[in-house]
Amino acid sequence: MSRTPSRSSHLLPRMLAAAGTLALGFGVVTGTAAAAPQPVRVAPAHPAAKAVTAAQLPVATLAAPVCGTLCDGAPVTQAREDRLADGATIYGRSIELHMSDLDAMGWASINNGDPTDEVWLDRSYDGGKTVADTKLGDATIPAGKRGTTTAMFNVNDPDNRRTGVLRACGKAGNRDDVRCTAWTGVERPSTQGTPTKRAVEALVKLYNRDTGLWKTTGWWNSANALTAVLDYQLATGDRSYDWIVANTYDKNLHAQGGNFTNDYVDDTGWWALAWIRAYDLTGQQRYLETAKFDVDYMWSTRDDVCGGGVVWNVNQRYKNAVTNELFVKAAASLHNRMPGDSEYLDRALNIWQWFRASGMINADNLINDGLDGTTCQNNGGTTWTYNQGIVLGALTELAAATKDHSYLTQARELADASTGSEFLNPDGVLTEPCEANGCGADGPTFKGVYVRNLGELNAALRGRPYQRYLQRQATVSYLRDRNRFDQYGVHWAGPIEAISGATQQSATEAQIAPLSGRGPAKG
């Protein structure tokens, strides 16, 4: 978004203020978040994330608008750039602070919410010690929508030579609790290091040290964000982020169902793979033991519905691709790290043989979402990119476990189908089927999972046959989907939109995947 503001839009608020007719509040709303195409997993509020009640906040202040490049209340469409400065979560809602540093202005948004949910900005001129202006741009989600955005407001007050900071605050419409982001001012981008290193640094900036999870994204997405950081460290030898691995583990070992389990069995699989990666990096047995616990938990959900397989949710009997693919990969990965094991390999082979015969792999060698609960036939569900990817990593681990190269042969057949699919790769750029609708809370993570697993297969094959494809995804996303702060949006082919912890993780994996298997090197 790089539109030059008109002079009239700059002057109008000054004229109104001079006439004594303008009060801050500006109930202007611009932009809404699309409904998620998949069920949204809403985790309980993390115990480390503290909220205040609306009664504890100051009453909305009324003041003359501040003007800089633009005046307070300017529409977000006039922002020259978009940096996701910070985020917070309350009752599953994502509250975000966005900045256009070129304009020294910011705005707030709330997503994954319900009508009547509220979002606004606060402004301070003493680093956040006191609030000079509150409830700036106060906006509520309209009927039929999942999110909304305030207008833009200045960070600094040039006329009075005051340097300011902003924060975004929000609340659920049916609750009094309020949560705010950190105070943030205007920043300058870093130009040091490689694209991969800068992408990881931008991902780490969205990490919440207090909760041990990533801001602006969910529980299972955070497992993938952690895996991206681990992938980077394993690929480059950079050990700068070991503290994140330990902090995430310590802060969340007893969260949800404990040991990184919950009712969603696929969530458990993502965390199992993250802790296997952590074991690879650190050699700490506690991570491997937790991964074993998680795989055992997944195995305990196996039943005879549709002939076998593990379930998607312990309260349902739905059999889908992602959960069973994750199980095969995690169980085979455990075998490859446990000398003398036969149990986990047997389990991995059991689920793989069932999955291969289940019908979820369609005639085009693409994988649909799952099985119809009545007929146990392929349900024709969306061919999400991550379902095309996890199986590649699973087969790579099975090949290493069995020394049977036929698993790599099948993996190549599946990889050729997905990399060659025009539906998934319009103009040669990996694109999630949901991107036209925003992909909700889950979809932004999927492409990163795909390239991660394709990278693992590529590294295991002679001649690295998918290197060119992986490098293209890294290059195109860098050129078309990156802001000055090395933050990436949901569309690798551009334009830059819907930046979140999940989109950052996904595109970071695109930068890492071409390095997979090359051994520690400078990032």
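**View 1. Thr396 and its contacts in the predicted model.** Leaving aside neighbours within four places in sequence, Thr396 is in contact with Leu408, Glu456, Leu457 and Ala460. The model shown here and in the other views is predicted. Thr396 belongs to helix H9. Its relative accessibility is 13%; buried means under 20%, so Thr396 counts as buried.

View 2. Ala460 sits in helix H11, which covers residues 446-460. Is Ala460 buried, exposed or partly exposed? Its relative accessible area is 40%, so Ala460 is partly exposed. Not counting residues up to four places away in sequence, Ala460 touches Thr396 and Leu408. Ala399 is 61 residues from Ala460 in sequence. In space, the C-alpha atoms of Ala460 and Ala399 are 9.4 Å apart.

**View 3. Helix H9 along its length.** H9 has 18 residues, and 16 of the 18 are buried, so the helix is largely enclosed by the rest of the structure. At 1.5 Å a residue, H9 should span 26 Å. Its end C-alpha atoms are 27 Å apart, which agrees. Just after H9 comes Lys403, with a positive phi of about 60°.

**View 4. Helix H7 packed on helix H9.** Two packed helices are described by the angle between their axes and the distance between the axes. For H7 and H9, the angle is about 25° and the axes are 8 Å apart. Angles under 35 degrees count as roughly parallel, and H7 and H9 are therefore roughly parallel to each other. The crossing of H7 past H9 is left-handed. On the H7 side, the contact residues are Ala321, Val322, Glu325, Leu326, Val328, Lys329, Ala332, Ser333 and His335. They meet Tyr386, Asn387, Ile390, Val391, Gly393, Ala394, Glu397, Leu398 and Ala401 of H9. By class, the contact of H7 with H9 has eleven nonpolar, four polar and three charged residues.

**View 5. Helix H5 packed on helix H7.** H5 spans residues 265-282. H5 packs with H7 at an angle of about 30°, and their axes are 9 Å apart. H5 and H7 are therefore roughly parallel to each other. Their crossing is left-handed. H5 makes the contact through Val265, Asp266, Gly269, Trp270, Ala272, Leu273 and Ile276. H7 makes it through Val322, Thr323, Leu326, Lys329, Ala330, Ser333 and Leu334. What classes of residue does the contact of H5 with H7 have? There are nine nonpolar, three polar and two charged residues. Val322, Leu326, Lys329 and Ser333 of H7 are among the residues in contact with H5, and they are also among those that meet H9.

**View 6. Helix H8 and its cover.** H8 runs over residues 343-357, 15 residues in total. At 1.5 Å a residue, H8 should span 21 Å. The end C-alpha atoms of H8 are 22 Å apart, which agrees. Which residues of H8 are buried? They are Tyr344, Leu345, Arg347, Ala348, Leu349, Ile351, Trp352, Trp354 and Phe355. Their cover includes helices H6 (285-299), H7 (321-335), H9 (385-402) and H10 (406-419). Just after H8, Gly359 takes a positive phi of about 95°.

View 7. H2 covers residues 195-205. Its buried residues are Thr196, Arg198, Ala199, Val200, Ala202, Leu203 and Val204. Among the helices that cover them are H3 (219-236), H4 (242-252), H12 (467-480) and H13 (501-512). The cover also includes strands S11 (207-208) and S12 (213-214).

**View 8. Asp210 in the loop between S11 and S12.** Asp210 lies in the loop that joins these two strands. With a relative accessible area of 49%, Asp210 is partly exposed. Asp210 and Asn247 are 37 residues apart along the chain. Their C-alpha atoms are separated by 8.8 Å.

**View 9. The whole protein, for orientation.** The protein has 13 helices and twelve strands. Of its 523 residues, 57% count as buried. Among contacts with a separation of 6 or more, 68% are between residues 24 or more positions apart.

Notes: Residues numbered from 1 in each chain as written. Predicted model: local features only at pLDDT ≥ 70, side-chain atom pairs only at ≥ 80, totals over all residues. Heavy atoms only, no water. Helix = DSSP H or I, 4+ residues; strand = E, 2+ residues; numbered from the N terminus. Expected span 1.5 Å × (residues − 1). Buried < 20%, exposed > 50% of the residue type's maximum accessible area, 1.4 Å probe, protein only. Contact = heavy atoms within 4.5 Å. Axes fitted to C-alpha atoms, helices over the stretch in contact; angles between N-to-C directions. Parallel < 35°, antiparallel > 145°, perpendicular 65-115°, else oblique. Left-handed = near helix turned anticlockwise from the far one by under 90°. Nonpolar A, V, L, I, M, F, W, Y, C, P; charged D, E, K, R; others polar.
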